[in-house]
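Please read the following report alongside the sequence and the coordinates. It takes up a loop residue, a strand residue and a pair of helices in turn.

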Amino acid sequence: MTAVQSKVDFAHEILRTRIVGSQYAAGQRLIIDNLVKDIGVSQAPIREALRRLEAEGLVEYGTNSGPSIVQLDKTHWFNLMEMKAVLEAYATRAAAPLLSGEEISALRETNGKLLGALEEFDFEAWTTLNRQFHEMIHSRCPNVLLIRELQRLSQWTDTVSSLVFARERGIIIQTLGLSAGKETIGFHTRIIDAIENGEADTNLEEISREHTLVLVRRVQEKLSNRSAA
């Protein structure tokens, strides 16, 4: 890696961390000269880092204006989650016939660990285990391009979630809490049972899709109730 490339990586990492951490406001202009002084690298690495962030959807360039933080709202997250629900459901259906008995047992074991993480309020472990559960299924999906797109979409969804729910995240976790967690585990159990019983058809796809969409509706309800209070 060249010295210039290292500086680009350095500037990109700093700016991305600040954006995802809500240190910049949505729509805020990014002044190149100010970033040069702040980060301590020349204009060239800063400009390249900003172009990377533009490709990631975090920075935008307006007509006759410089870079600014992209303006996202909760609707973006809801729409992304709907897209994710559709892709995950199809991937699950496609993977189901290829999952072995050992892999199905591993899914049940992971789902059991999820319950333990929920009861201990270990949100970090819950997030990791939940991701592992779905990745075990997706790893058997024969459509590699679909899985790559799903991974990209999942990463972007997580980023948007960090940006638009910065203030509400704690409230959402607290209000959804145990009931939402148990509901998720219940959906996982239904997905496993459908796979094990050979229901690799529209029924399995519907269960998987509803698994994600229920969460979206719960978040919408909680935020709506909070606004009305």
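## A loop residue

F121 lies in the loop that joins α5 (101-119) to α6 (123-138), where helices (H or I, at least four residues) and strands (E, at least two) are DSSP runs numbered from the N terminus. Although F121 is not a glycine, it has a positive phi of about 55 degrees. F121 has a relative accessible area of 67% and is therefore exposed, given that exposed means over 50%, buried under 20% and partly exposed in between, with a 1.4 Å probe and protein chains only.

## Basis of the model

This is a predicted model, in which local features need pLDDT of at least 70 and side-chain atom pairs count only at pLDDT 80 or more, whereas totals for chains, interfaces and linings use all residues. Residues are numbered from 1 along each chain as its sequence is written, and side-chain values use heavy atoms, with hydrogens and water left out.

## A strand residue

I69 belongs to strand β2 (residues 67-69) and, at 4% relative accessibility, counts as buried. Leaving aside neighbours within four places in sequence, I69 is in contact (heavy atoms within 4.5 Å) with residues including I19, Y24, A25, L30 and L58. Y24 is 45 residues away from I69 along the chain, yet their C-alpha atoms are separated by 7.2 Å.

## A helix pair

The axes of α2 (residues 32-39) and α3 (residues 43-56) come within 9 Å and cross at roughly 110 degrees, so the two helices are roughly perpendicular, a term that covers 65 to 115 degrees. Axes are lines fitted to C-alpha atoms over the stretch in contact, and angles run from 0 to 180 degrees between N-to-C directions. I32, D33, L35, V36 and I39 in α2 meet Q43, I46, R47 and L50 in α3.

Key. Parallel < 35°, antiparallel > 145°, perpendicular 65-115°, else oblique.
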